[in-house]
Amino acid sequence: MTTRLEKRFAKLKAEGRAAFVTFITAGDPDAETSFGVLKGLPSAGADVIELGMPFTDPMADGPAIQASSQRALRSGATMLKTLDLVHRFREGDNETPIVLMGYYNPIYHMGVETFLTRACEAGVDGLIVVDLPPEEDDELCVPALKAGLNFIRLATPTTDDKRLPAVLANTSGFVYYVSITGITGSASPEARNVAESVARIKRHTSLPVAVGFGIKTPEQAADIARAADGAVVGSAIVDAIAREIDTDGAVKSGAAERVLTFVRSLADGVHHARAAAAE
Amino acid sequence: MSAAKANSLRSGPDERGRFGIFGGRFVAETLMPLVLDLEKAYSDAKADPAFQAEIDFMQRDYVGRPSPLYLAERLTEHFDGAKIYLKRDELNHTGSHKINNCLGQILLARRMGKTRIIAETGAGQHGVATATVCARFGLPCVIYMGTTDIERQKPNVFRMKLLGAEVIPVTSGTGTLKDAMNEALRDWVTNVESTYYLIGTVAGPHPYPAMVRDFQSIIGQETRQQMMEREGRLPDSVVACIGGGSNAMGLFHPFLDEPSVKIYGVEAAGRGLETGEHCASLKGGTPGVLHGNRTYLLQDDDGQIKDGHSISAGLDYPGIGPEHAWLHESGRAEYVSATDREALDAFQLCSRLEGIIPALEPAHALAFVSKIAPTLPKDHLMVMNMCGRGDKDVFAVADHLGVTL
């Protein structure tokens, strides 16, 4: 079975361009605004969507994504509502891959089998679960693969060549290379180092490699897009959502449109990266 | 002491760091190689007699061990039942059992060539103990502490600063211990090469729960030996308070394979289990995954972590060490609870009858002792771990008793 993720990366490879991977947190700052942003992402240039599952204790995330989780939870976000967002998205888009990203506890609490059934029904394509290293593969990774979902693993600068095969063993869809040691939205990576790291990972796998953590501007996104098969932008988009909230906590009108305009500028950076390099 | 037997309860965790289904290594990939390094380094150190000799020397001359096993005659008389012994870990340097673990881990960090120490703290006892050993060994020390806890534990914040530590206020979440732990993990994931994360309780990813337990087991080992010298037999029951559960695990572990010894862990029931405002993860929580391990957690219907409440900042954690979760499910240990009110009563009782002002944490253990001791025969030998002294709590207690200082 070829998944939407595999189809999408194959198509982009044929077109000779990198994937623009966007992250938003489900239900941030509220369900309707979040849905407005989500459904507009493909036409704003997102090739793959990572949708954050809100969690009270996002240990690997920086202030921007922590705050987005808090906003979503305050407005009543739950795992069921996250899956409902995906379901509604799928009514209008059956091609753009959606990867749920987050932490294990809300999944474990729902029950792995129940979660996987509901995720497949909703139209989810893959999972990134930050606190499940390969050592814990039997928890969710193996059942998810059996259910037909991709399980995307993070590789990091501390994942050395000895460890890489274990990290890649049950990885599918793509490999998410975390370009720095640190939390989301912190220091920006050096494009040159990223290219070397991507080459190192590619010696071990034929999967596409997307790179994230610390990409904030169209220029940085373009740099990464020249070095990897995809560039992931999260905190910068989530910050754009944060700017749409008034001092009294209300969401400004036209919020989704302005966020999507920003997303479009990042997408242009990624999509024209290789064309510009070729000129 | 008897060696661990084939069917021993003392042989855990398994090679995946599990106690039954609890424990494990639920951490981000960036940290996984560090956790594996730590496991190897600890395993090597454990096998090195020089490492143990260094710990022994420092435990004696710096910490002041062994701590006495004290027959609390007036409490015994007052309860008119079981014979009450207090294990006096509040007499340790820095005033609690926390130093036992910090000493072991700082010596390990030095062996590993780490040059910077980070830690989380709730009540500040672990922060003070960490800052103390960092000062002693000349290593820079960063302590993460929630802003709510900083407000209610000012003397300990000042102590840490006096000892040369940098105290970083954590505003994320609700500004308590779990948020401090999140922030320490974020620091560790950022400073992987230089930094050693000195976790203060029997939680976190493997090998922390087992390693911290091992360093704290000196409490139970001494108790066992002292009781044999004093009474010529093992105690009939041992009692300790539980937040994350390090003092309790240290007392319990050497007795796990002795079925005649009853084991009681006392959780903080806060304003009462029925109110939902408590920190009793076992009695009022469900299994989940947080901070690197699977254990019982306070959480809502969606798997979001709930904040605990306790009069004692040291028990204010929404989880519990995975080995306790396992001992709870297997029934080897019995977990009970005491409310804020009961702990306050025990705090005053102990001060007046024994001239020992206990920390609010062991006051919870004493509250349980006060319930059960009167029902037991006079030849029942009960040991309660007095794991910390109450100097840090006098302001909070005055406040709760309506006294203006």
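This report describes selected helices, loops and the chain contact of the structure above.

The model is a predicted one, in which local features need pLDDT of at least 70 and side-chain atom pairs count only at pLDDT 80 or more, while totals for chains, interfaces and linings use all residues. Residues are numbered from 1 along each chain as its sequence is written, and chains are lettered from A and ligands numbered from 1 in the order in which they are written.

Helices and strands are DSSP runs numbered from the N terminus (H or I over at least four residues for helices, E over at least two for strands). Helix α3 of chain A, residues 63-74, has 12 residues and spans 16 Å between its first and last C-alpha, close to the 16 Å expected at 1.5 Å a residue, where the expected span is 1.5 Å times one less than the number of residues. Buried residues of α3(A) include A:Ala64, A:Ile65, A:Gln66 and A:Arg71; a residue is buried if 20 or more other C-beta atoms, placed from the backbone, lie within 10 Å of its own, exposed if 12 or fewer, and partly exposed in between. Among the elements that cover these buried residues are β1 (19-25), β2 (48-52) and α11 (235-242) of chain A, where contact is taken as C-beta atoms, placed from the backbone, within 7 Å. Just after α3(A), A:Gly76 adopts a positive phi of about 95°.

Two helix pairs are set out below, with axes fitted to C-alpha atoms over the stretch in contact and angles running from 0 to 180 degrees between N-to-C directions.

| Helix pair | Axes come within | Crossing angle |
|---|---|---|
| α4(B) (98-111) and α5(B) (125-137) | 9 Å | roughly 40° |
| α9(A) (191-202) and α10(A) (218-227) | 9 Å | roughly 30° |

Angles under 35 degrees count as roughly parallel, over 145 as roughly antiparallel, 65 to 115 as roughly perpendicular and the rest as oblique. The chain B helices α4(B) and α5(B) are therefore oblique to each other, whereas α9(A) and α10(A) are roughly parallel. In the chain B pair, residues of α4(B) including B:Ile99, B:Cys102 and B:Ile106 meet residues of α5(B) including B:Ala129, B:Val133 and B:Phe137. By class, this contact of α4(B) with α5(B) has eight nonpolar, four polar and two charged residues, with Ala, Val, Leu, Ile, Met, Phe, Trp, Tyr, Cys and Pro counted as nonpolar, Asp, Glu, Lys and Arg as charged, and the others, Gly among them, as polar. In the chain A pair, A:Ala191, A:Val194, A:Ala195 and A:Val198 of α9(A) meet A:Asp223, A:Ile224 and A:Ala227 of α10(A), a contact of six nonpolar, no polar and one charged residue.

The contact between the chains takes 34 residues from chain A and 27 residues from chain B. On the side of chain A that touches chain B, the elements giving two or more residues are α3, α5 (104-110) and β6 (154-155), and α5(A) supplies the largest share, six residues.

The peptide bond from A:Asp28 to A:Pro29 is cis, with omega near -5°, and A:Pro29 lies in the loop between β1 and α2 (31-40) of chain A. In chain B, the bond from B:His206 to B:Pro207 is cis, with omega near 15°. B:Asp80, although not a glycine, has a positive phi of about 55° and counts as exposed, with 10 C-beta neighbours inside 10 Å. B:Thr94, also not a glycine, has a positive phi of about 80°, but B:Thr94 is buried, with 21 other C-beta atoms within 10 Å.

Note on methods: Contact = placed C-beta atoms within 7 Å.
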